[in-house]
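Hi,

My notes follow below it.

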Amino acid sequence: MKGNVEERAKKLGEYIAKTNATVRLAAKKYNISKSTVHKDVSERLKYINYPLYKEVRKVLDTNKEERHIRGGIATKKKYQKSRKNADRT
């Protein structure tokens with residue numbers, strides 16, 4: 001995914017807008033850092049493709065609002081799993 005920065009920013013933006021992916025998921029899919037994804041879609045994309053930037057911004061804002069809920073669900077699953085393992089022994 002290295003090479004042309006503008007092309008990378010467009011691809012990342014299209015992926016995030018199409019799939020409602022988080023920055024973390026996009027970074028994992030394209031094998032680049034979360035910092036790079038964030039910089040590409042929140043700063044560079046604004047000057048490359050503004051309408052796409054607005055779509056991506058909506059997805060990122062939604063993900064940010066829901067972040068604490070996903071964290072709570074993950075913590076709940078973690079402790080449910082550890083409780084199951086403790087009950088088995």
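Start with Ile 48: it counts as partly exposed because its relative accessibility is 27% (buried is under 20%, exposed over 50%, partly exposed in between; 1.4 Å probe, protein chains only). This is a predicted model, where local features need pLDDT of at least 70, side-chain atom pairs count only at pLDDT 80 or more, and totals for chains, interfaces and linings use all residues. Residues are numbered from 1 along each chain as its sequence is written, and side-chain values use heavy atoms, without hydrogens and water.

Ile 48 belongs to helix α3 (residues 34-48). Helices here are DSSP runs of H or I with at least four residues; strands are E runs of at least two; numbering goes from the N terminus. Setting aside neighbours within four places in sequence, Ile 48 contacts Glu 6, Ala 9 and Lys 10 (contact: heavy atoms within 4.5 Å). Gly 72 is 24 residues from Ile 48 in sequence and 36 Å away in space, C-alpha to C-alpha.

Glu 55 sits in helix α4 (residues 50-88). Its relative accessibility is 44%, so Glu 55 is partly exposed too. From Glu 55 to Arg 24 is 31 residues in sequence and 18 Å in space, C-alpha to C-alpha.

Now the whole chain. The protein has 4 helices and 0 strands. Its C-alpha trace spans about 55 × 25 × 20 Å along the principal axes. Of its 89 residues, 25% count as buried. Among contacts with a separation of 6 or more, 57% join residues 24 or more positions apart.

Best wishes
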